[in-house]
Amino acid sequence: MRTYKIAAIPADGIGPEVIAAGCEVLSVLAHRVGDIEFDVTTFDWGSAYYKTHGVMMPEDGLEQLKPFDAIYFGAVGAPDVPDHITLWGLRLPICQGFDQYANVRPTKIVPGVTSPLRGVEVGDLDWVIVRENSEGEYSGHGGRAHKGMPEEVGTEVAIFTRVGVTRIMRYAFQLAQSRPRKFLTVVTKSNAQRFGMVMWDEIAAEVAREFPDVTWDKMLVDAMTVRMVKKPQSLDTIVATNLHADILSDLAGALAGSLGVAPTANIDPEHRFPSMFEPIHGSAFDITGKGIANPVATFWTASQMLDHLGESEAALRLMRAVEKVCADGIVTPDVGGTATTQDVTDAVCDAIRGENA
Ligand code: IPM
Ligand code: MG
């Protein structure tokens, strides 16, 4: 029996609803597979915790998380707590403290979900965006001087390091190599930004030499948005900076039909620390407590978690079940269905139990 210790942090809004759904599916999956089990510990950190304790997680939060094999994360964000507090108080300290430098965002058109692009069907859009997750525009460097005065200055400094760029590039080339098309697109803005971005281009060319079987090309981020809309079939694996990939992954989610199904993995490729898996959608306060949150992104990210833990067969099994349920039209209102979170969860559990192979 292989036992995985999972730290669940459901946090805010619909986070607890979708993480509960995800844990249910994981336990059915473990039964079905037979020789794995998940030992889940739930942490009550988040905005409610902040309102009582003045912090989003305890001071030794990272220490508490360290012994786990993976972190299963819901969402942060509350209407009455500033976003930079919820974000810099929980999610970013985990990403940065555990050096989860590769943020991996697969996007494809799930059967049963329609792309807003005319004539683009299941299979036409199948991308993985690799987002640099430890530095760049999110490095936290900058400041404000002369606050509130007419001469106030604010700086937000993007940091690109050779170590940081090389390791994300290598990760992206490796991922591209593992996919059937072996094709990577490197995104920058090296026409306007002459330093860090030109260094990205140079490092991409250097790392490319280690992967002679991977074909690669370069795009400027503005032109990339056009290519994603007009020629989605021409893309496969994509690597970009923290901010560029943040924006491109929202576009990708929208083009695939819904952000509600998009997952993300914050990975420490060296396995020194637990990696963190979460749906991309936020806390969605408008639908919190209504039981209609789409759990698909949370199931999909669980499949990424299984892959990272080396359980690729279970990961595939879970994705097959999710795709079958979506194809059967058992989907939540955000993607045009009438099913509840529980309906979708039950259907995925049934599909896992019912599969013969
Ligand atoms: C994401 C989100 C976050 C980000 C927000 C909540 C700061 O948009 O995961 O893409 O930009 O990293
Ligand atoms: Mg985003």
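## The second largest pocket

Let's start with an opening in the protein: the second largest pocket has a volume of about 420 Å³. A pocket here is an open set of points on a 1 Å grid over the protein atoms alone, with protein on both sides within 12 Å along at least five of seven lines, and its lining residues have an atom within 4 Å of a point. The points are joined across faces, edges and corners, and the volume is the space filled by probe spheres set on them.

This is a predicted model, in which local features need pLDDT of at least 70 and side-chain atom pairs count only at pLDDT 80 or more, while totals for chains, interfaces and linings use all residues. Residues are numbered from 1 along each chain as its sequence is written, chains are lettered from A and ligands numbered from 1 in the order in which they are written, and side-chain values use heavy atoms, with hydrogens and water left out.

Back to the pocket: 21 residues line it, and V76, L87, R91, I280 and G282 lie nearest its centre. Two or more lining residues come from each of β3 (70-75), α4, α8 (242-255) and β12 (275-279), with α4 giving the largest share, 4 residues. Helices (H or I, at least four residues) and strands (E, at least two) are DSSP runs, numbered from the N terminus. The lining splits into 7 nonpolar, 7 polar and 7 charged residues. Asp, Glu, Lys and Arg count as charged, Ala, Val, Leu, Ile, Met, Phe, Trp, Tyr, Cys and Pro as nonpolar, and the others, Gly among them, as polar.

The chain is assigned domain 1 (1-100 + 269-357) and domain 2 (115-256), with bounds from an automatic or database domain assignment. Their C-alpha centres lie 25 Å apart, and 7 residues of domain 1 are in contact with 7 residues of domain 2, where contact means heavy atoms within 4.5 Å.

The largest pocket holds about 660 Å³ of space. Its lining has 24 residues, and P106, L175, R179, Q304 and D307 lie nearest the centre. Helix α10 gives the most, 6 residues. Both domains give residues to this lining, so the largest pocket lies between them.

## A closed-off space

The whole structure has 3 cavities of 30 Å³ or more; a cavity is a set of points where a 1.4 Å probe fits but cannot get out. The largest cavity, at about 50 Å³, is lined by R91, L92, C95, Q96, R131, N133, Y138 and N242. Helix α4 (residues 83-97) provides the largest share of that lining, 4 residues.

## The chain as a whole

The protein chain has 11 helices and 12 strands. Its radius of gyration is 20 Å, close to the 21 Å that the globule rule gives for 357 residues, so the chain is as compact as a globular protein of that length. That radius is taken over C-alpha atoms, and the rule is 2.2 Å times the number of residues to the power 0.38.

## Two residues to look up

T298 sits in helix α9 (residues 296-308) and is buried, with a relative accessible area of 0%. K182, in the loop between α5 (162-178) and β8 (183-188), is partly exposed at 30%. Buried means under 20% relative accessible area, exposed over 50%, and partly exposed in between (1.4 Å probe, protein chains only).
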